[in-house]
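Here is a friendly briefing to read alongside the coordinates. Take a look at the structure first, then work through the notes by topic.

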Amino acid sequence: MKKQLKTVLALALCAMMLLALCACGGGGGVANTKWTLTSVEADGMTIDGDMLAMIGMECTLTFTSSEFSMDMMGVAVEGTFTEDGSKVSMTAEGETLVANVSGGKLIMEQDGEKMVFEKK
């Protein structure tokens, strides 16, 4: 009986630690992460990652602690970013674009177009 109780307590503690790690591990933050473009939606059409790669439209977003760079088809744009909850504001060349981070995806929407990035 004592051995069974110890085993149950050990398993319960392991489960609690795993839940704690899941709760803080993702954090939703983008600092020190890299993202890859996985789909683009425009004019009612969706182009997935495989098709984007076929047409040579590869794009990555790389975040450091306070700066970001976007490399799209060999053209790089660099700037700074701030985070406020699930919103990431990226500023480059005097323009600011706000993206939402949710479920391992970073989503940028502007002028009816939507770009979806996934964390590498």
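Met 54 is exposed, with a relative accessible area of 67%; here buried means under 20% relative accessible area, exposed over 50%, and partly exposed in between (1.4 Å probe, protein chains only). This is a predicted model, in which local features need pLDDT of at least 70, side-chain atom pairs count only at pLDDT 80 or more, and totals for chains, interfaces and linings use all residues. Residues are numbered from 1 along each chain as its sequence is written, and side-chain values use heavy atoms, with hydrogens and water left out.

**Surface patch**

- Met 54 lies in helix H2 (residues 49-54); helices (H or I, at least four residues) and strands (E, at least two) are DSSP runs, numbered from the N terminus.
- Together with Met 51 and Ile 55, Met 54 makes a nonpolar surface patch of about 340 Å².
- Patches are made of residues with over 30% relative accessible area and no salt bridge, with like charges joined within 9 Å and nonpolar side chains (Val, Leu, Ile, Met, Phe, Trp, Tyr) within 5 Å; the areas come from the Shrake-Rupley method with a 1.4 Å probe, and for residues only the protein chains shown count as cover.

**Strands and hairpins**

- Strand E5 (residues 75-84) and E6 run antiparallel and are joined by five bridges; two strands pair if DSSP finds at least two bridges between them.
- Asp 84 stands opposite Lys 87 in E6, and the E5-E6 hairpin has two residues between its strands, with Gly 85 in the turn at a positive phi of about 65 degrees.
- In the turn of the E6-E7 hairpin, Glu 93 has a positive phi of about 50 degrees.
- Strand E7 (residues 95-102) pairs with strand E8 (residues 105-110) in the antiparallel sense over four bridges, and Gly 103 in the turn of their hairpin has a positive phi of about 60 degrees.
- Leu 106 in E8 is the bridge partner of Val 101, and Phe 117 in E9 is the bridge partner of Leu 106.
- E8 and strand E9 (residues 113-119) pair in the antiparallel sense over six bridges; in their hairpin, Asp 111 takes a positive phi near 50 degrees.

**Salt bridges**

- The count comes to two salt bridges, each being a side-chain nitrogen of Lys or Arg within 4 Å of a carboxyl oxygen of Asp or Glu.
- Glu 41 forms a salt bridge with Lys 114, the closest N and O atoms being 3.9 Å apart.
- That pair links distant parts of the chain, with Glu 41 in strand E1 (residues 34-42) and Lys 114 in strand E9, 73 residues apart.
- Lys 105 and Glu 118 meet in a salt bridge (3.8 Å, N to O), with Lys 105 in strand E8 and Glu 118 in strand E9, 13 residues apart.
- Glu 41 is partly exposed at 29% relative accessible area, and Lys 114 is partly exposed at 23%.
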